[in-house]
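Reader: I would like to go through this protein chain with you, one region at a time. Could we begin with a loop and work inwards from there?

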Amino acid sequence: MKKLITLVLMLCLSISLLGCSKQEVSTNNPKLDDLNMFYNTLSKNHKNLYANISKEELETEKNKIGENIETMSDSDFYYSLRHLLSLVGDAHTMLDYTNAKYSYLHALPFAIVKFDDGWHLMIINDEYKDYLGTKVLSINDIPMQEVVEKAKSIISYENEAWLETQLSNAINFKEALEYLGIINIDEDIYLTIETTDASIIQIPIIPLTEEEVQQAQLAWYERKQTPITAAQEIYRYLPLDDDTLFIQYNSCQEDPNLSMKDFAKQVETELSSTTYNTIIIDLRYNTGGNSSIINPLLNVLKKYQMKNNTQFYTLIGSSTFSSGIMNSIDTIEELNSTLLGSPSGGNVNGYGELKYFTLESTPITVSYSTKYFELIKGYEKDSLYPDISIPQSYENFENGVDAEIQWIMQNK
């Protein structure tokens, strides 16, 4: 009898201990379950979740979310998870809604782009289209510099170039501005802008539901002139003069209507008909994909270089990311190309090779890195920096001046 009682007690103790296991416990709060799944899955599967922040620090931030989760709105939960990922410091590890964000958040109908002199308005309600291109000074009296600092807490980035590229898409939601403390809950929203005659005015921004987004009348900024080298198609080539060939590669993927192999043959035919002393490879708009797609083109260019005294330039910028970075480095190693432009949005040595999972109760998909890539051994900078830096001025953009191409044509 004594042995039986002891056995029963041991069995009860075992069950109790199993019930206390973090991975076995399920709560009555779906958000808390999702938070635990989110953190545990990343901790287990990310290549190195604690490369930029200690495990203790990240767990502390995760626990802060858990302590307040009972009173969190769905949008607060979403941005709390984005904040947690921003601390990881991996631009590839991020989250988004499985459906259109507009189903869950209120969109703000504006978009801004950073130039050397500040942020300029690129999209706005049609009734305010005359203010397109003007400089945005603040949002609800919060200066843009402070807006950027606050927004860092919900953006996955590794350098300032990618932060600035991602900013507009991060803050043009009412709930994002509320979470960041840029506006109060349900407060009216307005942009303060500086007009061309130096007047300071305010433009109201009305939050839109998903249905209202579909019906919204928006105006897009149009340049006075668009350069022939503006982003077009997936890849293309264009002679700029008798001895300068421009090749643009905007995404590391195959064009469904023209394979890279066939495109490379077209370039080879063009090169056989004319002697080009300067060849420009434009990767400024290439945010990545499959880094090996470009290989047939590189083979053709390398073969041409072996027979000709050709100067290669590779154009990079804040949208050059992921496999776009890999291909930029390929042009350096294979063609001894000179980098020209502005710092890349992606990093040289960092994490990638994505996998995904979806939260069980919240319509959110999470991407995370499974590999570490060391593209240049010992490279410690936060971005791929050009050999020749070219200012990115609003005036050039407005007037259709491609400053990188202009520099090459004047200095070749």
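Reader: Is D186 buried or exposed?

Author: D186 counts as exposed, because its relative accessibility is 56%, above the 50% cut-off for that class. Please keep in mind that the model is predicted.

Reader: Where does D186 sit?

Author: D186 is in the loop between α7 and β6 (189–194).

Reader: Let us turn to the whole chain. How many helices and strands are there?

Author: The protein chain has 13 helices and 16 strands. Its C-alpha atoms fill a box of roughly 100 × 55 × 40 Å along the principal axes.

Reader: What share of the residues is buried?

Author: Of the 412 residues in the protein chain, 46% are buried. The chain exposes about 21000 Å², and 48% of that area is supplied by carbon and sulfur atoms.

Reader: And the charges: how many positive and negative ones?

Author: The protein chain has 31 positive and 58 negative charges, and the mean positions of the two sets are 10 Å apart.

Reader: Which residues have the most contacts inside the largest nonpolar core?

Author: They are F38, F110, I112, I139, L167 and I171, in a core of 67 residues. Helix α4 (residues 74–88) gives this core its largest share, 7 residues. There is also a second, separate core of 24 residues, which includes L245, M260, L297 and Y304.

Reader: What does F110 touch?

Author: Leaving aside neighbours within four places in sequence, F110 is in contact with L121, I123, I124, I139, S168, I171, N172, L191 and I205. Among these partners, I139 and I171 are also on the list of residues with the most contacts inside the largest core.

Reader: Back to α4, please. Why is it described as largely enclosed?

Author: Helix α4 is largely enclosed by the rest of the structure because 12 of its 15 residues are buried. They are S75, F77, Y78, Y79, S80, L81, R82, H83, L84, L85, S86 and V88.

Reader: What covers those buried residues?

Author: The cover includes the helices α2 (30–45), α3 (55–68), α6 (160–171) and α7 (174–180), together with the strands β1 (94–97) and β15.

Reader: How far does α4 reach, and what follows it?

Author: From its first C-alpha to its last, α4 reaches 22 Å, close to the 21 Å expected at 1.5 Å a residue. The helix is followed by G89, whose phi is positive, near 70 degrees.

Reader: Moving on to α9, is T269 buried or exposed?

Author: T269, in helix α9 (residues 260–273), is exposed, with a relative accessible area of 53%. The C-alpha atoms of T269 and N125 are separated by 47 Å, and the two residues are 144 residues apart along the chain.

Reader: Last topic: which residues of α13 are buried, and what covers them?

Author: The buried residues of helix α13 (residues 403–411) are A403, E404, I405 and I408. Their cover includes the strands β9 (235–241), β10 (244–249), β11 (278–282), β12 (311–316) and β13 (338–341), as well as helix α12 (394–398).

Methods
Residues numbered from 1 in each chain as written. Predicted model: local features only at pLDDT ≥ 70, side-chain atom pairs only at ≥ 80, totals over all residues. Heavy atoms only, no water. Helix = DSSP H or I, 4+ residues; strand = E, 2+ residues; numbered from the N terminus. Buried < 20%, exposed > 50% of the residue type's maximum accessible area, 1.4 Å probe, protein only. Areas by Shrake-Rupley, 256 points an atom, 1.4 Å probe, with all protein chains shown as cover. Lys, Arg positive; Asp, Glu negative; His and termini not counted. Charge placed at Lys NZ, Arg CZ, Asp CG, Glu CD. Core = buried A, V, L, I, M, F, W, Y, C linked by side-chain atoms within 4.5 Å. Contact = heavy atoms within 4.5 Å. Expected span 1.5 Å × (residues − 1).
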